[in-house]
Amino acid sequence: MPNKISRIVTVLIIILLLLVAAFILLRLFKPATLNNPESIVYDEAGQRFLISNKGNGQIISLDESGKYQLFLKEGLTNPRGMKLLPPLLYVTDNTAVQVIDLEEARIIDSITIPGSIMLNDIESDHRGLLYVSDSRSDRLYIVDPSSKSISSVSSDLMAGPNGIVYDYPRRQMLIVGLRQASPILAYNIESGEFSVFRTTLYDSLDGIAIDELGRIYFSSWGEEAIFMIPQEQNRTLLWQEN
């Protein structure tokens with residue numbers, strides 16, 4: 001009888017060890033998935049999209065076949081906005097801008113933004129300066145990544161700033177915000193002045209982008225839709241809904 005009990009105990013221990021090993025392997029080789037995705041950029045050299053997962057602090061990639069892979073697993077808390085300036089990827093992460101080496105897929109520097117509360121989107125101008133929106137402090141931070149000098153600007157027009165994109169021909173940043181009937185704001189990078197680029201009736205605007213033809217796209221949580229302003233900028237069109 002003791003030998004039988006000993007064999008049973010041994011088998012149970014082996015089963016337990018196998019279960020633990022299987023759990024560890026599943027954690028290690030779990031396929032990358034979306035988890036509260038926030039921003040997306042296209043890595044032309046790598047022929048892939050990079051997506052920030054605010055839910056688990058990871059950045060994943062999406063190739064042209066539709067396959068997700070893990071790009072960066074550790075070092076980020078709540079990654080939101082991303083700006084790709086090869087060979088570097090800049091990512092807003094709560095109150096800092098993390099600098100990631102694109103080829104090595106690792107954080108090589110961190111730029112803390114004093115006074116910031118919740119950094120959101122990030123964009124750059126033709127000089128390489130970074131512009132970072134802070135949805136909680138209603139400010140726009142301007143960062144020189146080479147010298148790490150930081151300044152900030154604000155305006156009574158700006159409330160809950162979120163998405164930001166550079167309108168190169170006009171030397172201005174277009175900014176949308178998380179408010180009711182949110183206008184599209186323009187920040188002139190040369191004069192430092194804010195103005196209303198376009199009024200809207202749409203609530204809680206989030207992302208904004210410009211394509212190669214000069215068409216402007218912006219998303220609205222309130223309308224659950226994406227709108228498009230054509231190149232001639234004489235109207236606003238519903239581009240995608242639901």
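Does Asp211 count as buried or exposed, and at what relative accessibility? At 17%, Asp211 counts as buried (under 20% relative accessible area, with exposed over 50% and partly exposed in between, using a 1.4 Å probe and protein chains only).

This is a predicted model, so local features need pLDDT of at least 70 and side-chain atom pairs count only at pLDDT 80 or more, while totals for chains, interfaces and linings use all residues. Residues are numbered from 1 along each chain as its sequence is written, and side-chain values use heavy atoms, with hydrogens and water left out.

**View 1. Asp211 in its loop.** Here's the stretch between β17 (205-210) and β18 (216-220), with Asp211 in the loop. Strands are DSSP runs of E, at least two residues, and helices are runs of H or I, at least four, numbered from the N terminus.

**View 2. The side-chain partners of Asp211.** Another pairs the side chain of Asp211 with that of Tyr217 at 3.0 Å. A polar contact is a pair of N or O atoms within 3.5 Å; within protein, one must be able to donate a hydrogen and the other to accept it, and residues adjacent in sequence count only if both atoms are side-chain atoms.

View 3. The chain has one helix and 20 strands. Its radius of gyration (over C-alpha atoms) is 23 Å, well over the 18 Å that the globule rule (2.2 Å times the number of residues to the power 0.38) gives for 242 residues, so the chain is more spread out than a compact globule. The C-alpha trace spans about 90 × 45 × 35 Å along its principal axes. Buried residues account for 41% of the 242.
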